[in-house]
Amino acid sequence: MGTWIVVGIVVLVVLWLVFTYNGLISARNRTQEAWSEIEVELKRRHDLIPNLVNTVQGYIGHERGTLEAVTNARANAVAAGATGDPQKIGQAENVLSQSLRTLFAVSENYPDLKAISAFTNLQENLTATEDKLEFSRRFYNGNVRDYNIKLQTLPTSLIAGALGFKPFGFFQADEGRPGRPAGELPEHAGPGPVLSAGRRELYAPGAPGAPGEGGGGTPPPG
């Protein structure tokens, strides 16, 4: 009788381990897939910027400092993306957002530039990309929250580390970014570069988003 009890306990423990392991694998795969979506949108964003700079430099060439700031910020964002670190990526993308905001603000002083279709098309494409990026960020952060909760709650936390599972970092940006001009679209809940469709200016909300919201580079370690 005692032998069967021991066997039953062992079977239950094995089943729990299998169920827990498979659940962690599924949660980690979902999170990595969500990260890949962010990676796609960031790459599209980075690919649009050289065309934007080339388009505007013939009209605002004397604003060399503004153009160089955008170019350098893009290069830094690409380099940060290669690290796969959501925190570094968020910081670099925030700087890129601010430099783009300055560029679009300067462009308001050049009616001839705003009248050409290449410039307006790039603005529209950046707007669409920023909207998709914001959605992807929320989706990713939601998956990170769920996955990290699994790792941190008992009894899963007792074995997750031994099985090689590590927490993911949220995709956030620094505090203290310039706020959205008054009268524009409602602010998105959470951080992330956002392009205002109302005035076609790039802005970033002023506070980091709470966990549960959704970079280039490789997925964070997990």
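**Briefing: helices, ring pairs and confidence**

The protein's secondary structure amounts to six helices and two strands; helices (H or I, at least four residues) and strands (E, at least two) are DSSP runs, numbered from the N terminus. Along the sequence the pattern reads α-α-α-α-α-α-β-β. This is a predicted model, in which local features need pLDDT of at least 70 and side-chain atom pairs count only at pLDDT 80 or more, while totals for chains, interfaces and linings use all residues. Residues are numbered from 1 along each chain as its sequence is written, and side-chain values use heavy atoms, with hydrogens and water left out.

**Confidence and burial**

- The average pLDDT of the protein is 79, and 77% of the residues score at least 70; pLDDT is the predictor's confidence in each residue, from 0 to 100.
- Residues 174-218 have a pLDDT below 50, yet this stretch has 148 contacts in the model beyond near neighbours in sequence (contact: heavy atoms within 4.5 Å).
- Of the 222 residues, 41% count as buried (buried: under 20% relative accessible area; exposed: over 50%; partly exposed: in between; 1.4 Å probe, protein chains only).

**Helix 2 against helix 3**

- Helix 2 (residues 64-83) packs with helix 3 at an angle of about 160°, and their axes are 8 Å apart. Axes are lines fitted to C-alpha atoms, for helices over the stretch in contact, and angles run from 0 to 180 degrees between N-to-C directions.
- The two helices are therefore roughly antiparallel (under 35 degrees is roughly parallel, over 145 roughly antiparallel, 65 to 115 roughly perpendicular, the rest oblique).
- Their crossing is left-handed: the near helix is turned anticlockwise from the far one by less than a right angle, whereas clockwise would be right-handed.
- Residues of helix 2 in this packing include Leu67, Val70 and Ala77. Those of helix 3 include Ile89, Leu96 and Leu103.

**Aromatic pairs**

- The structure contains five aromatic pairs. Rings of Phe, Tyr and Trp (its six-membered ring) pair if their centres lie within 6.5 Å; planes under 30 degrees apart are stacked, over 60 edge-to-face, the rest tilted.
- Phe104 and Phe119 make a tilted pair, at 6.1 Å centre to centre with 50° between the planes.
- This pair links distant parts of the chain, 15 residues apart: Phe104 lies in helix 3 (residues 86-107) and Phe119 in helix 5 (residues 117-152).
- Phe104 is buried, at 1% relative accessible area. Phe119 is buried too, at 1%.
- Trp35, Tyr140 and Phe171 are joined into a cluster by ring pairs.

**Thr55**

- Thr55 sits in helix 1 (residues 2-57). Its relative accessibility is 18%, so Thr55 counts as buried.
- Apart from neighbours within four places in sequence, Thr55 contacts Leu113, Ile116, Ala118, Phe119 and Leu122.
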